[in-house]
Amino acid sequence: MNTVAAVDDADPSEAKTVVADETALPIARRRHPWRWVISAVALVLVAQFGHGLVTNPGWDWPTFVQYFTADVVLKALRVTVELTLYGTLFGFVLGVWLAIARLSHNPVLQVISWTYVWAFRSIPLIVQLLFWFNLAYLYRTFSIGVPFGPAFVSFDVNGVISGFGAAVIGLALHQAAYAAEIIRAGIISVDPGQVEAAKSLGLPWRRQFCTIIAPQAMRGILPNAVNEVISLFKGTSIVSVMAIAELFYQVQVIFGRNGRVVPLLMVATVWYIVLTTILTVAQYYIERYFAKGSERELPPTPVQRIRRKITEITAERR
């Protein structure tokens, strides 16, 4: 306090001299030698790994290029994408209703929802898929009619549920159990005061959920939901036990014939990486959209940063 008062009471020219002296002080940069050493070692290891990928003949890159865009592989990739799409769609639709039932004040719906989640999270996915694939051993026909009464229409199970249909059912029911918990966690993460404020305004329940609860809950739901979709996408390889021609099954068939195991496994690996990257990019922009209500100014996207940097470099050269 005394120093500040002395400066305030001093002559203005003396104050300017003090400021000038302070700005003239040298700034010593902090050295980080070990950071550079660790970075150099990491780059050397990465370079060695990349060199091995390029020069090691065991990777057999010509075979990889031959089969990466082959018709049989692209058809199998389409089956994988369809399984992921249908499993995600039906799984999250059912998961929404399971979450709502779990959060409702109806004890019967609460118990049913909890039991469903408990059961389908306890049973391994491969067991569920094999169960639905062999459903005809338990039920040879499906009937529609009066409960515990006469049936109006009957269907043969083998004619209605194919191998692909059994895979979709198994994946969707399995996904619904996890989706229900993800959605429930997102809903209960919303501040109860938000709901109370909506009720005090007299908003109907549907409008409360769609305009107030859901947009805020999506910020908590999205990261976990995308993780589940990616896990489901990779988990579709399990349906190869049902002889469904998805990506991994088709790759197994090909290297079972020509013996080129490593390059064909790389074909499946790279396609999984490509589609997972697409889902990750989509997640980034969807999260950015729902972040509008929580941040006044959204951070620039990677594309915007690159454009801004190019503009700055161009302006400096001019």
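User: What makes up the accessible surface of the protein, and how much of it belongs to carbon and sulfur atoms?

Analyst: In this predicted model, the accessible surface of the protein comes to about 21700 Å², and 65% of that area belongs to carbon and sulfur atoms.

User: Which secondary structure does the protein have, and how many of its residues are buried, as a percentage?

Analyst: The secondary structure comes to 14 helices and 2 strands. Of the 318 residues in the protein, 29% are buried, a word that is used here for residues under 20% relative accessible area.

User: Why is Gln250 called buried?

Analyst: Gln250 has a relative accessibility of 15%, and the cut-off for a buried residue is under 20%, so Gln250 counts as buried.

User: Where is Gln250 found, and which residues is Gln250 in contact with once its neighbours within four places in sequence are left aside?

Analyst: Gln250 belongs to helix α12, which covers residues 247-258. With those neighbours set aside, Gln250 is in contact with Val72, Ala76 and Ala245, where contact means that heavy atoms lie within 4.5 Å.

User: Among contacts between residues at least 6 apart in sequence, what percentage join residues at least 24 apart?

Analyst: Within that set of contacts in the protein, 67% join residues at least 24 apart.

User: What is known of the largest pocket, and which residues are closest to its centre?

Analyst: About 500 Å³ of space lies in the largest pocket. Its lining is made of 15 residues, and those closest to the centre are Leu103, Ile187, Val195, Trp205 and Ile213. The elements that each give two or more residues to this lining are α5 (71-103), α9 (163-188), α10 (192-200) and α11 (205-235).

User: How do the residues of that lining divide into nonpolar, polar and charged?

Analyst: The lining of the largest pocket has 10 nonpolar residues, 3 polar residues and 2 charged residues.

User: What can be said of the second largest pocket, and which residues lie nearest its centre?

Analyst: The second largest pocket holds about 380 Å³ of space. It is lined by 18 residues, with Phe92, Met218, Ile221, Leu222 and Ala225 lying nearest its centre. Two or more residues of this lining come from each of α5, α9, α11 and α13 (261-290), and α11 gives the most, with 9 residues.

Key
Residues numbered from 1 in each chain as written. Predicted model: local features only at pLDDT ≥ 70, side-chain atom pairs only at ≥ 80, totals over all residues. Heavy atoms only, no water. Buried < 20%, exposed > 50% of the residue type's maximum accessible area, 1.4 Å probe, protein only. 1 Å grid on protein atoms, 1.4 Å probe; cavity = no way out; pocket = protein on both sides within 12 Å on 5 of 7 lines; lining within 4 Å. Points joined across faces, edges and corners; volume = space filled by probe spheres on them. Nonpolar A, V, L, I, M, F, W, Y, C, P; charged D, E, K, R; others polar. Areas by Shrake-Rupley, 256 points an atom, 1.4 Å probe, with all protein chains shown as cover.
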